Number of protein chains: 2
Amino acid sequence: MDEIDRMLIGLLQEDATRSYAVLGKAVGLSSGAAHERVRKLRERGVIRRTTIEVDHEALGRAVTAYVLVDGGAWMGESAAGLAAIPEVEEAHVIAGPASVLLKVRTAGTRDLQDVLRRVFEVNGVTGTRTVVVLETFFERILK
Amino acid sequence: MDEIDRMLIGLLQEDATRSYAVLGKAVGLSSGAAHERVRKLRERGVIRRTTIEVDHEALGRAVTAYVLVDGGAWMGESAAGLAAIPEVEEAHVIAGPASVLLKVRTAGTRDLQDVLRRVFEVNGVTGTRTVVVLETFFERILK
DNA sequence: ACTGAAAATACTGTTGA
DNA sequence: TCAACAGTATTTTCAGT
């Protein structure tokens, strides 16, 4: 993980369709050497996968919400319960006023209501507080 | 945006290195037809970009936190102020107990403290409440 | 670990259906 | 809008340094 690896990661985060020739030129290496470094970054799991960023609204998910989930004596088993709800994009155990924080994307408020009902049915959940996103300033890639 | 487009998007979200030949076979089209559909999805902005998912911990960002930002009479100008803080990955205007919700990634709690100080210096901010992530169950791609 | 080049594969525009 | 083809570019491997 030297400076060149970090540059390669940054370049690929911006645009993962760049050729190894272009990547190599940008960091001062040959196409083959750039390829080998990226291959190792993938192998070591520093690069998890190559994917696409989508426009969620265009795909029919107009509502984004965060859900604070209360309830404590469960941890392990409920991760699976939350993962089984397809509208839940992220689930984090947090320190502070609740146990778990979820990021949820749904088509509308009706579907959000349905997701909240299903969250409530997960073992150990005693309550939820929901924060609806009105506008997203940015969701970006950290440098 | 028919069912085939949705399948192509799903396949590319899982692995954007798949060839058009593979994509075409998976959805029952030729390589050229699959390519044309993906090109149009990009053109229309449904596919925003191709990128890599990284292991933030491996890149020296071990701490994830959510920051509820209080303060109201500002909206427009402060988006730029928040975007100027490189550790802020997301910023959303929310309905509810605060004005803005930030997702922040830092190397450690010391850096988190520094980010909070800079958030507080943004015009219009009157207070912050921070929730530190103890464990991330998942951050995934929605189907 | 990198270079340079060769071989295999994939992309991308064009044609005609 | 799609399939098939052809030229171009890229990926991927490998011998040599």
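Colleague: How many salt bridges are there over all chains?

Modeller: The count comes to 36 salt bridges over all chains, a salt bridge being a side-chain nitrogen of Lys or Arg within 4 Å of a carboxyl oxygen of Asp or Glu. This is a predicted model, in which local features need pLDDT of at least 70 and side-chain atom pairs count only at pLDDT 80 or more, while totals for chains, interfaces and linings use all residues. Residues are numbered from 1 along each chain as its sequence is written, chains are lettered from A and ligands numbered from 1 in the order in which they are written, and side-chain values use heavy atoms, with hydrogens and water left out.

Colleague: Which side chains meet in a salt bridge at 3.0 Å, N to O?

Modeller: Side chains of opposite charge can pair when their charged atoms come close. Here E90(B) pairs with K103(A). E90(B) lies in strand β3 of chain B and K103(A) in strand β4 of chain A, so the pair joins two chains; strands are DSSP runs of E, at least two residues, and helices runs of H or I, at least four, numbered from the N terminus.

Colleague: Is E90(B) buried or exposed?

Modeller: Buried means under 20% relative accessible area, exposed over 50%, partly exposed in between (1.4 Å probe, protein chains only). E90(B) is buried at 5%, and K103(A) is buried at 1%.

Colleague: Which residues form a salt bridge with N and O atoms 2.7 Å apart?

Modeller: E14(A) and R18(A) do. E14(A) is partly exposed at 39%, and R18(A) is partly exposed at 26%.
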